[in-house]
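Subject: Structure handover

Hello,

Here is the structure I promised to pass on. Please open it first, then read the notes below.

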Amino acid sequence: AKLSSAGDDSGRVVIKRLTEDGQGEIEAYFNRRIRRIGQPQHFASFLGGSRRAGDMPGSDRLLVWRYEGGRTLEMFMQEPSFPLNLEDY
């Protein structure tokens, strides 16, 4: 998804749709904590989360991060050099 019509990646975001009760609240909480007390340079920038207007508790929740590259932690973990391969990032 994009937040702007710029020709570069500056407006791209990653949206995660959560359907399990409570999972969205927990993940949003930890992402806010990482942003405050962690080392934010090591994580994608968490922009927030929401439900659509009128949604009831327990319904789908959307979490949004700024797009900062196509590599995931799972990809890094599958490499034989893990965790040393994270040092470059």
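Start at Thr 19, which sits in the loop between β1 and α1. Thr 19 is partly exposed, because its relative accessibility is 49%. The scale is this: buried means under 20% relative accessible area, exposed means over 50%, and partly exposed lies in between (1.4 Å probe, protein chains only). Thr 19 and Asp 60 are 41 residues apart in sequence, yet 4.7 Å apart in space, C-alpha to C-alpha.

Two notes on the source. This is a predicted model, where local features need pLDDT of at least 70 and side-chain atom pairs count only at pLDDT 80 or more, while totals for chains, interfaces and linings use all residues. Residues are numbered from 1 along each chain as its sequence is written, and side-chain values use heavy atoms, with hydrogens and water left out.

The overall layout

The protein has two helices and three strands. Along the sequence they follow the pattern β-α-β-β-α. Of the 89 residues, 18% are buried. Contact means heavy atoms within 4.5 Å. Take the contacts between residues at least 6 apart in sequence: 45% of them join residues at least 24 apart.

Helix α1

Helix α1 covers residues 23-37, 15 residues in total. From first C-alpha to last it reaches 21 Å, close to the 21 Å expected at 1.5 Å a residue. That expected span is 1.5 Å times one less than the number of residues. Which residues of α1 are buried? They are Gly 24, Glu 27, Ala 28 and Asn 31. These lie on the same side of α1, because they cover an arc of only 100° around the axis. The arc is taken from the directions from the helix axis to the C-beta atoms. On the other side of α1, Ile 26, Arg 36 and Ile 37 are exposed.

What do the buried residues of α1 pack against? The partners are β1 (13-18), β2 (46-50) and β3 (61-66). Glu 27 is one of these buried residues, with a relative accessible area of 19%. Leaving out residues up to four places away in sequence, Glu 27 touches Lys 16, Leu 18, Leu 63 and Trp 65. With neighbours within four places set aside, Ala 28 is in contact with Phe 46, Arg 61 and Leu 63.

The core

Ala 28 also belongs to the largest nonpolar core.

Rings and charges

Ring pairs are counted for Phe, Tyr and Trp (six-membered ring) with centres within 6.5 Å; planes under 30 degrees apart are stacked, over 60 edge-to-face, the rest tilted. There are two aromatic pairs by this rule. In one, the ring centres of Tyr 29 and Phe 30 are 5.1 Å apart and the planes are at 80°, so the pair is edge-to-face. Tyr 29 is partly exposed at 40%, and Phe 30 is partly exposed at 49%.

Two arginines lie over ring faces. Arg 12 is over Tyr 67, at 4.0 Å from the ring centre. Arg 71 is over Phe 76, at 4.1 Å. The rule asks for NZ of Lys or CZ of Arg within 6 Å of the ring centre and within 35 degrees of the ring normal.

A cis bond

Finally, look at the peptide bond from Phe 82 to Pro 83: it is cis, with omega near 5°. Pro 83 lies in the segment after α2 (73-78).

Best wishes

Methods:
Helix = DSSP H or I, 4+ residues; strand = E, 2+ residues; numbered from the N terminus. Core = buried A, V, L, I, M, F, W, Y, C linked by side-chain atoms within 4.5 Å.
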